[in-house]
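User: Please take a close look at one part of this model. What surrounds it, and how does it fit into the rest?

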Amino acid sequence: MQFPLSLDDISLWLAITAVILLITSELSSPSYGRTNLMIEQKRLKKAALTLGILFMITVLVRIYGIIMAR
Amino acid sequence: MRQTTLVNLDPMTQIFVLAFIMIVTSLGLVWILIYRTTRKEKPSLKTTLRVNSLLVARFVQVMLICGIIWFVAWAHVYEVLVWNEPFIYTFYKSFHNVLSYSILLIIAVYIEYAVRKHKPPSPLDQRELPQHISKTVEKMQKRIEQLQNEKEALRVQIWRYRRKPSGLAGYALTLVGALALISSVIVLSSILAFVGLGLTFWGILLLYIKPTKYIRSELLDSTAIPSLTNIDKLITDLEYHGKPIYTSFRTLKEPGAAIVFIPATTEEVLPLVEEIADDKVLLKHPRGVRITPPGLALASLVEKEMGIDLSTADLDYLQNNLGKILIEDLEIAEAFEIEANKNNIHVKITSPVYKDLCTEVSKLQNISPNIGCPLCSSIACMLTRVTNKPVVIEKEEASEKGTVIDVFYRVVES
């Protein structure tokens, strides 16, 4: 038994999810007057940023792998 | 091991997977179409279904159309694209699929016919009327229809504002996602892994971003109004006619806290520091009453969010930071502007959460505009703290719907 997704798959998934969340958190920001949304805006932003950072980490791991392979 | 995709699964598993997706989608649609949009005071599902029989019929039609698309896809698209069969030949080869979608199509058409037949006609449709009257009737019918649509839209909007966020969706998504993830490891399917990863993540996210505490603004208003009414009655009974002055004293037990002093006469005078320090309510030199501002707690909250002692800050700092705190952090208003012109300060607040409260408070003659609603009062408290000078509320203007509030403050030069 092994997990069927590779690092590249997860990286792609992270990228797409991070982009969706970052756009959502920005568009639902109270700066644009969206003050009646009953969600924790700060937490949404935090989750979006965390996913973005995780994606960057997977990219760095990939770059490191390419460099080490040479 | 060869990776599992939907195409190379055996037909029974395909049917199982797709049936599962269809059931989940159907439940979601039932919830969105019927339960969420029609709920007023939590009626039973049976009542909802009976009342919304038309919606149910439409929903069944949608499901039938989904089924038709599904069978058409397997009967024709799949055969032509995957097996390169001629289109005409697919009718023969996938006869069962063709039969299935034909039956579904006939049922969908019959439902449409039944819905149209049983739609109650308007009593006016059954009578023959003179031409000029029938035109007016037509216009009125259109108007009634338009108003009904507007009413329905408003009802849905009100319900959306009133509904309480639930964690049920989050838990359901997490559970289904976890099951999909476990299955993906067992059958080594990347599709299931993606589905599971997505569902688990969104389930956890829904639970994470769910507000920890939710209070309706009506509740907030109803708790604040009685105390403001009491202050109004107290001032009326005392027959004090002076303009309330917001001021802060460093000698108070709570250093820098703001108070409102209402002088007995129309003269703009400040109380003696000694009397304030004694924590008295009715003051004698000069005669007047000292009350705690309705917005003091809110001002303290803003100060806490800012992370600074306002008595050490200046007006520029308040101008640059107050908007951000009120809009982004506390989400009290949609827009906020503050302009200072010498001793006059103009504040414009758009769509504050205290909108209804401000409208109610405006009916209290002694409170509005002199003492102000909790929001205006809190700004006065902050202004007196940053300027270290007394502040009075000169004017408070609200737009017709109360969405924009203009407040004019004056810093009193002692």
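The model is predicted: local features need pLDDT of at least 70, side-chain atom pairs count only at pLDDT 80 or more, and totals for chains, interfaces and linings use all residues. Residues are numbered from 1 along each chain as its sequence is written, with chains lettered from A and ligands numbered from 1 in the order written.

Start with the helix itself (a DSSP run of H or I, at least four residues; strands are E runs of at least two; both are numbered from the N terminus). α8 of chain B holds 20 residues, 190–209.

Which residues of α8(B) are buried? They are B:Leu192, B:Ala193, B:Gly196, B:Leu197, B:Leu199, B:Gly203, B:Leu205, B:Leu206 and B:Ile209. Buried requires 20 or more other C-beta atoms, placed from the backbone, within 10 Å; exposed is 12 or fewer, partly exposed in between.

Now the partner helix in chain A. The axes of α2(A) and α8(B) come within 9 Å and cross at roughly 145 degrees (lines fitted to C-alpha atoms over the stretch in contact; N-to-C angles from 0 to 180 degrees). α2(A) brings A:Arg43, A:Leu44 and A:Ala47 to this contact. α8(B) brings B:Leu205, B:Tyr208 and B:Ile209. Contact means C-beta atoms within 7 Å.

Some of these residues return in a core (buried Ala, Val, Leu, Ile, Met, Phe, Trp, Tyr and Cys joined through C-beta atoms within 7 Å). Here the largest core has 48 residues; B:Leu375, B:Ile379, B:Ala380, B:Met382, B:Leu383 and B:Tyr409 touch the most other members. Helix α14 (residues 374–387) of chain B gives it the most, eight residues. A second, separate core of 18 residues includes A:Leu44, B:Leu173, B:Leu199 and B:Leu205. Among these, B:Leu199 and B:Leu205 are buried residues of α8(B).

Step back to the interface. 17 residues of chain A are in contact with 21 of chain B. On the chain A side, α1 (7–27) and α2 (41–69) each supply at least two residues. Chain A has two helices and zero strands. Of its 70 residues, 20% count as buried. Among its contacts between residues at least 6 apart in sequence, 70% join residues at least 24 apart. A:Met56 lies in α2 of chain A. A:Met56 is partly exposed because 14 other C-beta atoms lie within 10 Å. A:Met56 and A:Ser11 are 45 residues apart in sequence, yet 8.5 Å apart in space, C-alpha to C-alpha.

Beyond neighbours within four places in sequence, B:Tyr409 is in contact with B:Ile345, B:Val347, B:Ala380, B:Leu383, B:Val391, B:Ile393 and B:Glu394. In chain B, strands β7 (residues 391–398) and β8 (residues 404–411) pair antiparallel over seven bridges (pairing needs at least two DSSP bridges). B:Val407 in β8(B) is the bridge partner of B:Glu396. β7(B) and β8(B) form a hairpin with five residues between them. In the turn, B:Gly402 has a positive phi of about 75 degrees. B:Glu397 is also found in β7 of chain B. B:Glu397 counts as exposed, with 12 C-beta neighbours inside 10 Å.

Definitions and conventions. Contact = placed C-beta atoms within 7 Å. Expected span 1.5 Å × (residues − 1).
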